[in-house]
Every structure is written in C-alpha cells, then in structure tokens.
Amino acid sequence: MTSGFPATADAARAPVPKLEMRGITKRYPGVTANDHIDLDLQPGEIHALLGENGAGKTTLMNILYGLAVPDEGQILIDGTPVRIAGPSDAIARGIEMVHQHFMLIPVLSVAENVVLGAETMANPIFLDLREASRRIRKLAGKFGFELDPDAKVQSLSVGQQQRVEILKMLYRDAQILVLDEPTAVLTPSETEEIFVLLRNLAKDGRSIIFISHKLQEVLEIADRITVIRRGRVIGERIPAKTNAKELAELMVGRAVLLTIDRGQSHPTDVRLKVEGLRVRDDRGGEVVRGVDLEIRGGEILGIAGVAGNGQDELVEALVGLRKVASGRVSLAGRDVTGASPRTINEANVGYVPGDRQRFGLILPFPLTDNLVLTSYYKPPFAHGLIRDEGAILAAARDRIREYDVRTPSPLVPAQTLSGGNQQKLIVAREFVGDTTLLVLDQPTRGLDVGSIEFIHKRIIEKRNVGAAVLLVSAELDEVMELSDRIAVMYRGKLVAFLDGRTADKYQVGLLMATGEGGSGVADATGSAS
Amino acid sequence: MDALLHALNGIPVLGLVFQFVEYFITSLPFTAHVAVQLAVPICLAALCGVMCERSGVVNIGLEGIMLTCAFTGWFAGAVVTGVLGPGTPTPIFGFTVPLLLALVAAILAGMLLSLLHAWLSISVRADQIISGAIINIAAIGLTGYMNTLLSTQTLAATSNFSALRIPAAVAGFPVVGWLINALFGQGPIGIATVLIVIIFQILLFRSRWGLRTRSVGEHPRAAETVGIDVIRLRYRNVVMSGALAALGGAYLSMEATNAFQAGMTQGRGFIGLAAMIVGRWTPVGAFGAALLFASSQAISQSISVSPPPGDLGTLLSHVPTQFFDALPYLITIVVLAGLIGRSIAPAADGRPYQRESAS
Amino acid sequence: MSRPSEGRSPVASIVSSVWSLIAVPLLAVLMALVVGAVVIVLSSVLVLKNPFDPTLPLTAYSALALGAFGSYDSVVSTLVLTTPLLLAGLGVGIGFRAGLFNIGAQGQFLMGAVGSVAVAVWFAHTPAVIAIIAALLGGMIAGAAWGFVPGLLKATSGAHEVVTTIMMNYIALAVLAWIVIGPLRQPGSVSPATPSVGVAALPIVLDRSGHIGIFIAFLAVPIAWFLLFRTTRGFEIRAVGANPDAARYAGVKPRRLIVLTMSIAGMLAGLAGATTILGVTHQMNTTFSTSVGFDSITVALLGRSNPIGVMVAALLFGAMRAGAGPMQINAGIPVELVDFIQALILLFLIANVALRRLLRLRGVSGAEQTGFETITRSYGGETTG
Amino acid sequence: MVLANLPRVAAISLVAVAIAACGPSSSGTATSKWKIALMSATGTLLDHNFSQYSWEGAKKGAADIGAKDPATVVPKDSTDYDKDIQTFVDAGYNLIVTVAFDEGTATTKAAKKNPNVTFIGVDQSPICVDEQGNADSTFACKGDASKLLPNYSSLWFEEDQPGYLVGMVAASISKTGVVAGVGGINVIPPVVRYLQGFELGAKSINPNIKVETSYVTTSDFTKAFNDPVAGKVLGAQLISQTHADVLFQVAGKTGNGVLDAACAANVFAIGVDVDQYLSYPNADPCIVTSAEKHLSNAVEAAIKSVNAGTQKPGDSLFNAANNGIGISPFHGKDNLISADLQAKLAAALKGMKDGSLKTCPAKCGQA
C-alpha cells in the first residue's frame, strides 16, 4: 500500500477512503448523542476527533466498534458498506480501539490480556503463551519499550497499562486504530513517545482516529481535525491552517476564556501540615514515600503529577481512608495521623474524591441521604439515634438550589443524575459551612465545560473566604489555572514546589515526567512562602 | 467434665499427638476411600459453581440442580427399565442401557435447569441469588411432590453404577496402594470426578476457553471489546456447568445408591458452594476443600466406628459424640478463617452484563 | 422503598404507588397458581393415570385457601405459622440490606429455641411475666451469639459469611443435640427431651393456638422499618450494603457494623425460635425439625428486604403452610406442591420485571431494581473494605 | 399478545378458585361411621418402611370395617404435628392414626382435647400423662393413660425381640466374628431397642463375637433416616475397618444405603421393620432376613377392634407372645441357616413368648 502524509485536506480525499461514516445518528432518552455525523478516514492518516467531554466522540467510536447500535447511518470500509453488530465484527474488519477507560483485566498477565480474543494457539484447544510472550517482547522491542509479558496487569503502572493497550492493537495488526483520549494519563514525554509510535504506524499505511479534547496535542499530531459539539460535526480543519483559539471556539461554541481570574491569595495560618508521610497501596507497595507539605488558609496548593504517582493514596491518607505507614499529619496544629474519616471530617475538612461513584456517593440512595452522608448522625439531621427526615429534606432542598443540582426531586436516587450533577451534589455537601481544608481529587474529571466552570468558581470562592485547598489533578491545565502554589508529585514524592503564577508549563511537565527539571525549582520543604 | 480434666491431666500431650498420628495413618486406607466417596458429590457441585462464577454468574442453585437430577436420573431409569427391561450390566462399572439413558436424562435435566438460571441471570438480568433460590425451592417442591405421587406406583427397579474393584494386591501395595484404591476404587462418576477436576483445572488456566471464561468473569466489557461474545459464553458455560451438578445428583441416586429419596442431597449443594469459596474458585481448590471436609467427616466416622485404642481412645470417649458430628464444619470454618481468610470472587461475579452502554 | 412523586394529588399518588407496589406481586401469585394447576392436572394424568379432571386444581386450591383463611381457626393457624417466618425473614432481610448473605437463619433459629428453653427451665419458679421475658431474651441472645460469630469472623479474617453461616447451621444441630441429650435433659425422658418451658409458655390469646408471639412478630415489623429507615444506625447498615467505600468515608466502621448486623439478624431469628418453642412446642427434643430458617431466606427475597414486604411475604408463606395440610387431606395433593408454587411466585416476580422491561411497561423504576441489586452485591462483593 | 391476556386469565382462575371454595365439599359414600386419617412421620409417607406399612395397615383396616380409604398428611416438620391433627379433627375425622415416636406428645394432647375422637399411635409408648391426663413433660408419668385417655391407644413393639432373633442369625453366619448394627440416631428408643436386642442375640450364639454398634448421626435427625448416601458410606467404612460381615440396619432410608453397602462389599445384610427383601429389592442379593414388627397387621387389628369396641386404651404391646414381631423368611438363603440355628431360633421365640428369655438390658431403649 502506498503511504505518506496527505499534505492537505484535499489530498486526503482520495477516491476511496479507508473508512467512511455517513449520517450516524444515535439517540438516548432525552439526548441525541450523535446527530448525522459524517466522518472519513484516509489510508495512512491521523484524523483527530476533537470535542468536549460529552460531545459524542466516544459514542461515535463505540458505534464504529460495535459497542453501540446507531439509530441511523451507514459505515463503509474501503468503499463497501458494512454492518458492525459487535466488536468481533469490527475486529474482523481490522478496527481496533484503545478505550478511554482501560479494557484490561487486572488479574490476568500482560500476555493473557494481549492475546485475549486473538489467541495464539499451540493446538486447537490450548494457548501458546510462550510464543505469545515472544511475539509481545519482539513487538515491544520494535517500538522501544519493555514489558514483562508474565507480569499481572494489576501490578503495572498506568503508563505501562497504556502500553499494554497499544500492544493489543499491534498484536492484532489493526489497519484502523481508534485511540480514545490516550494521553489523559501520560506524562508529556510518554505522550511524545506515543506520538512517535503513532506517526510510524501511519507511515506504515495504518489509519488512526485520535480522540482528544486537548487542543495542543491535536494540533501537534493530527493530519486533519474534525470538531464535534453536542453530537454534530461543527467543522473540519487542517492543523496548518488553524490555531488553538479557533479550535477552542469551535469546540465550546463561544469565545472562551482559557484562563479564569483567580485573583490574589492571602495566606493565613497553617491549616495542614504533613511531615514525612509514607503510605502503602492496596498491594502493600509504598507509593507515598516521604511527603512534606504545608497549606495555609486562603491558598490553593495544586499537586501536579501523572496519574499513579501516589496522589490518590496521599489524598486517601489525608482524609483517613487509608492507613498511614509512617509520618505525621496535623490539621490546624492538631495531630490527626491515623485518625478516622469521621474525625477528620469533623475537623471541617471537605473532600471531593477522585472516584465519585466509589467514595463520594451512594448511588441507589436519594439525594437527601447523599447530601448528609457525612453529617447524618448529628443535629440537626439526627437526634440521638433518630433521624430527622424533615431537617434532612429541608437542608437538601437548600443545597440543591444553592449548587444548581438539576434534579426533578431531592428524593430520586443519585444514580439518576448526570455526571456533572453528581459532582455538584458532592460539592454541595463538602463545600458547605466553615471549611478548614478542602481536599479535591480530580474535581472536574469527565465533566462538561459548564460544570467545570461552576466548580472552579466555587473553589476560588472557598479560598477567598479563607479555606485551605489541596487540589490534585491529572489535568495540568487545571492545576496551572487554579493553584497559588504548585507541587509536583513524582514516584511518591513531592519533587518541587513552584509559584502558581510564574510556573512554566513545560518545566512542570518535565518535572512530572522525570522528577527533575530545569532550574528555579523552589525549596522542596513545602512550607508556604 | 471432671473425668475429662482428669484424663487431660494424666496424659502427656505429646503422647496423645503421636497416638493420633498413628491412628490417622493406620485408618487412612479406610478413611481415604470413604472420604473420596463423600467428596465426590460435594466436589461436583463445587465444580458447577466454579464454572458458573468464573464466567460471572453466581449460582446458589447447586442444591436444587443436584436434587432435580438425582430425581430425573432415577425416574428415567425406572421408566426406561420398564420399557426396555433391565439389561445386562457390564462387568466393569455395571453399565446398562437404561442406566446410561438415565444418566443422559439426568444431565439434560441439569442443563435445562441451568438454562433457566442462565436466562434469568443473563438475559432477564434478574438477581442471581434469587434465581438460584428459585431453583432450590422449586427442586425441593417438585421432586418431593413427584416422589410422593410416584411412590403409590410400582416402578421397575434399576441397577446402579458399580465401583471398580481394585485387586487386593494393588490396594495392599505399600505406601501408594491405599491412594490408588481411594481414587480409583470408585464408580464411573467417582473416577470421572477426579479426571474432570484435572481437565477442568488445565482448561481453565491453559486453554482459549479458560482464558475467555476468566475474562468474562472478571471484566466482561474488556472481553467484549476484544470480540468475545460475553452473553453467549456465559450461556454456554452456565448450561455446561449444569452437567457437572447433574453428575453430582446422578452420583447420589445412580451410583452411591439406586433410589431417590426426597431431599436426599442433604445440603451437599450448599457444602459444595462453601467448597468453591474455600477453594478460591479453582477446580483443584474446590476438590481439595471438598476432600478436606469429607476427610474430617470420614475421620469422625472412623473414630465412632473403630475408636483408637489406648489413652487417646479414653480421651475421645469422654468427648460428646455430637462434637464429631460438628467436627467437619468446625474444621471448614477454622481453615477458612484461619488459613485462607478473605477469598476474592471473580470481579464481575453476580453482575449482569448489559451490552449497549447507556452513555 | 416507595418514592413519593411530587406534584400529583396525594390520593392519586397513594393509589398509584400502592398499585405499582402490588400489581406485579399479585400477577406473579396468580400466574404461579395457574402453572401449579397445570402441574397438578398433568401429574395426576401422567403419573397416577387418573382420568383428566380439570377441577382438581380448584379442589386443591380451595382446600388450600380454606385451610389458610376458611375460618377463625385457620386464620390463627396462618398467623402462628407466619410468626417465625416473619421474625427470621426480617433478620435475613436486614442482613441483605447490609450486604450480608446470611444463610444461617436456620442455625440461629435453633439456637434461639435452645436458649429460650434453657432460660425457661432456669426461671421455672419465677412469675410468668418474668419467666417469659427472660426466656424470650435468652432466645434472642443465643440467636444473636450464633449470628455474632460469622460476623466476627468476617470482620476479622474476611471469612465469607456464606460459608461460615452454612457451617454454623450444622454446628447448631450438634450443639442442640448435645444440650438436649446432656445438660438440659429431663430425667426420665425415654427419648431425650428438655423439661417443659412451664410458666414461660407464651399465653394463648387468640383461639386455640394464637400465642402472643404473633403480636411480637408483627410489632417487629415497624420496629425493623424504623430501625432501617429512621435511625442513623439503619442508615449506616443500608449505606454499608449499598456502597461500603462511601460508607467508610461517611464515618461508618464497616467491620463493627457487620458484627452488629449479623447479631441483629441472629437475634431476630433467635426470637423466631424462642416464640416457636415457648408458643407452640413448649419443649425441645432432639427430633425437633424445622425449615423456617431456609424459608425465611425466600421470605426476605420475596419481600425485597423491606420490612413491610417481608411481612406480606411471610403472611403468604404462612398461609400456604397452613393450607398445605388441609390441601393434602382434602384433595390428596402432596404438601410439597406448596414449595413449588412458592418458587413459581418468586420466578414470575423476577421474570415479570423482565417482561415489563421488555415491553416497556411503566412501573419499573431505578429504585425498584436496586432492592435486588443490593442482594447480589451481598454475595460477591467485599463488605469489609 | 400473551402477556396482555395474563391478568385476565389469572383473574378468571381466581374467581374460579373462589367459587370452588364456596362449593360443597365432597362427601363419602362409605357406610362406616368411622372416618379414618393417618399422619405419617415427618417428611415422608411412602418410605417403603415404617410409615408406609402403617398406612397399608390402616387401608386394610378401613376396608375391613367398610370405611373410606384413610386420608393422609405428611407433616413438613415437627411443629406441624398439633396443627395437622387439629385439621383432621376439624374435618370430621374420628379415628386418627399417628405414626412416629415423636408424635406422641401431640397425639396425647389431641386425645385429651378431643375425647370423641379415637387415636391410635404407633410407637408412642409409654404414654406419659399426669394426673389430669395432660401430656407430662416431666416424665413423672403419674397418671394412668388407659383410664384418663380412653380414646387413645399406643401400639408398641418389643423391637429388642426381633433384634435378638436377627442377632442370632448374624452371629451364626458371620465368618469374621464381627457383626455390625447401624442405627439412624441414638435418641429414638425403638431404634436403640433393636440394636440392644441384636447385640444380646448375637452374644447368645457366640459370646466372643464382636458387635459393632454405630449411629449415622447423633444430632441430625433428617440425616439419620433420610440420607442413603451417608448410610452407604458408613456401612462401607464399617465393613472395611472393622471387618464386619453382617450388617443390620435400623435407619430407615439411610439404612437402605447400609444394605447397599453390604451388597457392594459382598457381605450379608439384615433389614428392619418389614421384610425388606420385598420392600427393598435392590438389596435382595445380600439380605438374609429382616427383623420385623408386624406393623401393618397391628394397625389393621387395632382399627378393627376400635370398630368392634374392644380396643383397649393405653399402651398396647406387640411382641412374640401376640405374634406382633417376627423374623422374615430367608428367601432362598435357607442354606445359610443350619438346623441347629433353626432350633435355637425356635427355642428363643418360645422363650420370648413365655417371658423366660430377656432380650433387652436394664436401660432398655437408651443408648
């Protein structure tokens, strides 16, 4: 097959596209996820699909991959209409996908995960895992990374797991590759490696759909960019003939302020002091390896870092959900090392968990119960052992109004709410009252722009009334925009503290990637300036 | 109580331990054979559970499937014998035409009942515990009902599978003779169980089917994204697993005895469920757990049948006999709580899989 | 859990919510009876080779209905049989709510029975009121102890309660036999039996057999409901069952709660045993047999772990048990048919939800399904966190 | 659509049920004034054993006196006894047979409460009542049941006598010098009596013989009589571990498994209660004989004498003297039975009849 970069969009419109999606429409109750979307993909092309969370990118790709059935529309491969009723149909036609949430089975080995569904067989019954391992090693070697095929996936870092996902595609020799937000969990350098890999694959004649909402990345990697918003195709651009600002406007639908005004911080007393904190993960490995930090009232400390560097464990230890192996945590001067979640909560600590459906909400319970999840046992919501349903309902109505949670009633189960409203529900619970410290773990993950803006505004407000805020986010932009100070977490340690207003994004990226970087790294003790 | 204390005071503990070890070894040839017999139906039930739950479908209906199949096998045998005559048993295993047809009927019944469970838990996405409970209650009800009705009729007597007779020379062979006798001095279902355990274990961890089964039990969506038809695989496995529990039921009414009794499973399906958990959802583990349970039962029985001599016997004679009834259950608890602890079910166990995502 | 809908007239919303609550179960019962009728006719023709008699099921069901509700006597008999099912069913249901699959109601029931006898014998010379209260408490404590052990094992070592409670059932049998044969044996009893419970016997207040245990059981329904839905402890129980991680964050100590919940479940099953001994048999012997513990699991499932639902389910089962004997006596239908019909009811109940879902009929809400989801989680899921 | 019709179908059937419930109940055409009913042992009527033969006796008795076939009920568990008897009484049955040791208390209570109903209990002796005729849970048994409860008689058997006879057979056909008796559970006096007689009988032939007595369980009542697999496994272990070559089962359906074990190991087996050569043909190859109590005859006779007004209240003992017990025919295994043994058996039977031979130890019926 002839290959090469199509120089322009016109050149990309070869007579027979590798893949063509025509008029794809998908409706869910109350929402049209895809509204007559057209998309084509040329051989050897990297085609970016740009859109906000919830714009319908993932739905479109699920349709392509047979995980969802379109209500209307047609899919053509090499000019021939095809019916894709399930992933096996897609795979049979050379389509492979890396999903936003990894589709890996933690208890199985790397080799088992890679061969699953396309097993290398020793005979008609038994697997040939040795041969599979050999081929995996070879493939990995070819693209310059190492992976132990016998390692259990659950023991791998997130970055390594991403590689397993890509190996799965390579192992199947896919011709159409779909990557859904593949860089969300990667460091800039890992991202760069993946980009090199993708370009090589494209050169090899493979066609790639690259889904993202990160403008810079899309501009860097794509040959062609299709922007979708609210289920519709808004426009198509060539990177050379557009810029981030234009794309952002296409994506969001209005001119956006790429930065919000966070105002000045006025640090007060030390609210949280962490000394030499060490924490183990579920498997017993020490993932927080000596963290020292201090946060004062009225300031936001953002922790930047690639997911899986111990941030989740650090946060869980701070709010009492995880045992502290050693070290000291004190809140406003009071030692709370190893205290229970309730003790910490009662010290006016608010917590927005990274996994809202796991720690944040009890989905089958009504909003009322979820809003009093941490205060159900004390007045006014309970007197002794007896709950006061009236007080709970009244408070719930207030908070739902105040935090603009869209719901038909405070008594519906939390699972009936959209993701954004679920997150607002948590915020409504955790931001209420006189907060000493707010611990925010990925507070806007997976939310639409409106919700993100709303939550960011509330965070700034809380800081302005004197709360200390610890913000952990895998979105470097979010950390950069909100933080008064930035700490970079790398392999269980805070490797640098930077000023939030002067920090350079590329320097932070380098620190995230390598744990060391450029000059100007501030003192690593973590004390507030 | 005083006597017990007295006995305890008078005897050096170490001596007792030696005596027990000696007794254990001398009675091993007898207890091992019995233990395998007791373990077979429990193990088959547990294997059914392993196959279901490895695919992500909880099955607490083991007891009911066994009971139904015990009934079906026995009844079908009687009907076929009535039509075709009893037939001549083969010298080894005592196969007859009616008996084999009855076995087929029992297995079909097991698969049919499992199909119901599969439909309820996979297609209907009903609560799998409730579905299993339905099977248990329905089985107790329907077999009891039919048994009562049928016992006013005179049914043709059927033979049952007979055990392989290990020649005394082999059975008496030093060191391993007892083991050969224990494992292979069994009927066809008993021997098949040992083989099934080994084959199942190898297939589960070495074959394509096994890999896919484990993947749909752990993370069905991931399995689906690599082109595995989760629904079909779950259906196939649950229905197949019915054949295993069916063998367990057939063992009771067609190999261990040749008659059906209302409620003759006597909780073996539930013990099988426990064996599956204690065995951590692996075939060999389940067999081991079933064997552990059965051995402690066999040793308890051995102590009552042929009490050890000497001080140990004196001591044991002061222990209430009920203690020995409870011993297998106590040992299971101790092993689970003390040695195994938390056993973790396949991650998607009991979660119905819905193909099309909602968002 | 019903879900108040806002913006409709209260009467209309009550009627519609009551209807949506009972329509499916009612349909399930009727369909089960129809299938049961088919089985009756078919089996009588095929197995007994009787002439085809389409009225046989009607004869059977009318005998069943008369036996359960035909007279004051039979209504009382239904209530007496409902009592232990209701109490034990509430216990199992509360366990389900906390994500615990307690198969051990049987053992807890037996230990409750033994415990109440032991205390009754001990309190033989006290005034009846004291003896009764003490004996009931004795049964509750013994049952609670039998639930406490699997709870403790789960909390400390993570041992799966499905295994431990099954084992505890059998151990209860052995303990019961030992106590009746040994320490509690009435001298002179040819077959080992305990002395009579004497003054601790529950007063008969309804007809010939309606002991006050009936009222205790029905009183337990609002108490259990209140505990689950109106107290903070109940909130914690439900929270641990629905999402153990979030519950832990909410400040609940899951381990402690598991032990507490298992103890409460055991206490209720133990109370069921106590009322049976003190109200019905008045004495325990080694041949005492029962299936209440296992039936109560079905009752809890059918009642979806909601105390009110459990009450309805227990009444249904109690009525069927009361009617089963008369059905066999008057229509010659083996009592086991009742088990089969109970299974069918459950089957149609869950298949009905499916049929409605397939046909997109209204009345299946998210809330309706979650009652079931919690139960399954109780099996595979991790509760200790 | 099928589903759409379901509510209607269901509604129609409900109405039909309601109509039927209001209709007249069928009335018998039999001439006798007796309406006979039978409550079996827990769980099963047709056990090829105890309950079944009582039932057959009751059927024969009913036919003899021109009454309708007896109605039956199988209690689901032991808390059902009172209720089920009451159901019979309420339905107008006036001659009620209850079949099991542990139904005695419930029968006593019912007899006291319903003086116009006649009760026949099988295996419920001694009837233990206090001075008022109430069931006496203290077992002081101060009252005279035959006077206080004239409407209740309990048929009981000296099981030790047939046990003794088969014990003699066992001892004489044993080659290893070890014989075994397997009881279901050690708390049922009739079970224990059988085995006590068995041991004495065996020892009377060969004082050095080893008699192994085992119980399937000491706690689990359903396992004791309802688990043939457990019986078979226990039997097999007895044979292999103690070298017993004659097995006597006293464990109902569990015991049938014991018979199977004997057959499988090519040793002899002895049945119980009825001629198990006839009732359990599976084990015909190895059944030598059975220890019988003539249940069917006893129940039939009792019904006839109730009808004739000659049935004596209270404990009604069946033993060798009134031909209430016996030993089954050898069914083609007569060659095993020497003339010497024949003579000894005859002598023993004679001794039982005239009371000169004691077949039960002091603590008769207690293990």
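This is a predicted model: local features need pLDDT of at least 70, side-chain atom pairs count only at pLDDT 80 or more; totals for chains, interfaces and linings use all residues.
Trainee: Of the five pairs of chains in contact, which share the most contacts?

Mentor: Look at the residues in the contact. Chain B brings 55 residues and chain C brings 50 residues. Of the five pairs in contact, the one that shares the most contacts is chains B and C.

Trainee: How much area do chain B and chain C bury between them?

Mentor: The size of an interface is often given as the accessible area lost when the parts come together. Here carbon and sulfur atoms carry 77% of that area. The total for chain B and chain C is about 4600 Å².

Trainee: How many salt bridges cross the interface of chain B and chain C?

Mentor: A pair counts when a side-chain nitrogen of Lys or Arg lies within 4 Å of a carboxyl oxygen of Asp or Glu. Under that rule, the number found across the interface of chain B and chain C is zero.

Trainee: How many residues of the contact of α12(B) with α6(C) are nonpolar?

Mentor: From α12(B) come B:Phe270, B:Ile271, B:Leu273, B:Ala274, B:Ile277 and B:Val278; α6(C) supplies C:Val162, C:Val163, C:Ile166, C:Met167 and C:Tyr170. In this contact, no residue is polar and no residue is charged. The nonpolar count is 11.

Trainee: How many salt bridges are there between chain A and chain C?

Mentor: The contact takes 33 residues from chain A and 25 residues from chain C. The buried area is about 2600 Å², with 61% from carbon and sulfur atoms. A:Arg342 pairs with C:Glu236 in a salt bridge, the closest N and O atoms being 4.0 Å apart. The count between chain A and chain C is three.

Trainee: How far apart in residues are A:Lys18 and A:Asp78?

Mentor: Their side chains meet in a salt bridge, at 3.3 Å from N to O. A:Lys18 sits in the loop between α1 and β1 of chain A, and A:Asp78 in the loop between β4 and β5. The pair links distant parts of the chain, and the separation is 60 residues.

Trainee: How far apart are the nearest C-alpha atoms of chain A and chain D?

Mentor: Chain A and chain D do not touch. Their nearest C-alpha atoms are separated by 25 Å.

Technical notes. Residues are numbered from 1 along each chain as its sequence is written. Chains are lettered from A and ligands numbered from 1 in the order in which they are written. Side-chain values use heavy atoms; hydrogens and water are left out. Contact means heavy atoms within 4.5 Å. Helices (H or I, at least four residues) and strands (E, at least two) are DSSP runs, numbered from the N terminus. Ala, Val, Leu, Ile, Met, Phe, Trp, Tyr, Cys and Pro count as nonpolar, Asp, Glu, Lys and Arg as charged, and the others, Gly among them, as polar. Buried area is the accessible area (1.4 Å probe) that two parts lose on being put together, summed over both.
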